[in-house]
Amino acid sequence: MFSLRRDRHDTLAKAQVESLMEAAGDVVFRLNGEGTILYASRRAADLIGPDAALDGSPLAAFVDPADQQAIALAISHARQSEQPGKTNVRFKQRGALLWVELQISAYPAEDGDTELLAVGRDISAQQATEERLRHMATHDALTGLPNRSLLSDRIRMAIAHARRIGRGFAVLALDLDGFKKVNDALGHPIGDALLHIAAARLAATLRDVDTIARVGGDEFVAVLPGAVAEAEIQIIARRMISAMQLPFEIQGHTLYVGTSIGAAVFPEHGDSEVKLLAHADTAMYRAKETGKARCVIYNQHKFTHAEHDVSMEAAMFQAVRDGEFLLHYQPIVDARSRQIVGFEALMRWQRPGLGMVSPAQFIPMAENNGLINLLGAWALKSACMQIKRFEEAAGRPLYVSVNVSPRQFRNDQFLDIMDEAMALSGLNGHQLLLEITEGILMSDPEHAEALLTEIAARNVRIAIDDFGTGYSSLAYLKRFPIATLKIDRAFIKDLPASVKDVAICNVVLSLASHLNLTTVAEGVENAAQLDFLAAHGCGMIQGYFTGRPLLPEHAIQLLAGSRAVEAQPALVQ
């Protein structure tokens, strides 16, 4: 009888203990000293999974792997200090994770061993709220991209990682060309929608290890770990540029914007976050100044000396007055007959006492200070006049190719200047080829289409310079009246050995053939390149192999000499 009463008492006590455990928290476990589950509350079983075999399993087996060390430390602390150990852990729950605030206390068991009581409270809602607040503090509300604060952390982490492994990284600064016009004309809701789509497109172009952040307005910054080679940076940048060239369809509007990108590399261009961002920003503005829709990599020598040299800028204005600028003419030859068919006019600055100034130094400066309009008008008129003299020496028609800068293209008087140049020289429209960059087209497609249509109506031809290095968009080949593609020297210099360059050139030449466009290969420097291009259908060749840039009198001597040779009767063997 006594034994029966004792069993009932034990059963009642056990039931009371279990009832207390159920009420103690959302999850309650009784553990042995090693953390193995001796008992789990019904609510714990329901939350973790009714099918899970809890009793006899280590508690850590049901915790997310990232938190297993934390729970082991809490158990160890509770056993050794006899003070409760507290930690926040994630329990695995039917394919999801359940955040639990867990307190683990040690107590002596009846057999003298130490047992543990783990009482937990579900804090998933609290964690979700905290996570939302953390996300809001570190991410842009409109696009969901990291904001300036998180970007700063990522750059500092990238610097630390780069120093540890001895390999640098790149920082890219970019903004959307033409966005302000969209925002002003159609309002902020349309502008916000465009930014949201643009952010998604930019993020899709990057690798998983990269970061793209919105730092304000239409400005973005990307961090590319491990990307230090110019070729690698340019590949990623071209993907970003191409993504922005696609039309944005927003609330019945078809919108076009572009992007200009500047890049700086750690540690070559800066060893701190401030320097890297500043230099990437400087390079981005250089990209805008030189045609937009391109990526420019920071160059300390070029970006900190010549183009910001006030004395050189003053010298440029004086050089215009003193007539120090001149034109050299590089022959363009027929790929099959090797006969000269035209010349490209190249601007040069002969600075007294200092020699030739690189166009890479003075052209961007002229574009920035507005002198390019004056110099460009002079170059166009001079080139049209000069080609007539070249024709007299050659005894046959020739054409002249003239570069047009972004600022010239936007000048309201450009058409009048061109008309005047042709009228003064008597040049026919088809003898003038205007070279523009891809960025000029895409920075303001509506303006470009209207102006190019007017130019084409005069039979003046349009060439895309450095084709393949900017947008390389098939859309503009269809939309605009383009006559010629100039294949950039980057795809020519390794021909015919480079399999990739062979493939790229074949694609461009085939495309041009099907679209009835003429082609000019730039930078041809040896016979193997010329033979390959001629065999694969390239129409014209330009480069040091067929002729270096010449002063007008030397070009006339060359043409006269060629004419004399052509006039000689063939010798009979």
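Modeller: Helices H12 and H13 lie roughly perpendicular to each other, a label for angles of 65 to 115 degrees, while angles under 35 count as roughly parallel, over 145 as roughly antiparallel and the rest as oblique. This is a predicted model, in which local features need pLDDT of at least 70 and side-chain atom pairs count only at pLDDT 80 or more, whereas totals for chains, interfaces and linings use all residues. Residues are numbered from 1 along each chain as its sequence is written, and side-chain values use heavy atoms, with hydrogens and water left out.

H12 covers residues 359-369, and the angle between H12 and H13 is about 115°, with the axes 5 Å apart. Axes here are lines fitted to C-alpha atoms, for helices over the stretch in contact, and angles run from 0 to 180 degrees between N-to-C directions. Helices (H or I, at least four residues) and strands (E, at least two) are DSSP runs numbered from the N terminus. From H12, Ile-363, Ala-366, Glu-367 and Asn-369 make the contact, and from H13, Leu-371, Ile-372 and Leu-375; contact means heavy atoms within 4.5 Å. By class, this contact of H12 with H13 has 5 nonpolar, 1 polar and 1 charged residues. Ala, Val, Leu, Ile, Met, Phe, Trp, Tyr, Cys and Pro count as nonpolar, Asp, Glu, Lys and Arg as charged, and the others, Gly among them, as polar.

H13 (residues 371-394) also packs with H15 (residues 414-425), at an angle of about 25° and with the axes 9 Å apart. H13 and H15 are therefore roughly parallel to each other. On the H13 side the contact is made by Ala-377, Leu-380, Lys-381, Cys-384, Met-385 and Lys-388, and on the H15 side by Ile-417, Met-418, Glu-420, Ala-421, Leu-424 and Ser-425. The contact of H13 with H15 has 8 nonpolar, 1 polar and 3 charged residues.

The largest nonpolar core has 81 residues, and Leu-432, Leu-434, Leu-441 and Ile-455 have the most contacts inside it. Such a core is a set of buried Ala, Val, Leu, Ile, Met, Phe, Trp, Tyr and Cys residues joined through side-chain atoms within 4.5 Å; buried means under 20% relative accessible area, exposed over 50%, and partly exposed in between, with a 1.4 Å probe and protein chains only. H13 supplies the largest share of this core, 12 residues. Leaving aside residues up to four places away in sequence, Leu-441 touches Ile-436, Ala-448, Leu-452, Ile-464, Tyr-476, Phe-480 and Ile-482. A second, separate core of 35 residues includes Phe-220, Ala-222, Ala-243 and Val-257.

Some backbone details complete the picture. Most residues other than glycine have a negative phi, and most peptide bonds are trans. The peptide bond from Phe-266 to Pro-267 is cis, with omega near 0°, and Pro-267 sits in the loop between strand E11 (258-266) and helix H9 (273-289). Another cis bond runs from Leu-495 to Pro-496, with omega near -5°. Ala-293, which is not a glycine, has a positive phi near 55° and belongs to the loop between H9 and strand E12 (295-297). Ala-293 is buried, at 3% relative accessibility. Asn-516 also has a positive phi, of about 60°, but is exposed, with a relative accessible area of 70%.
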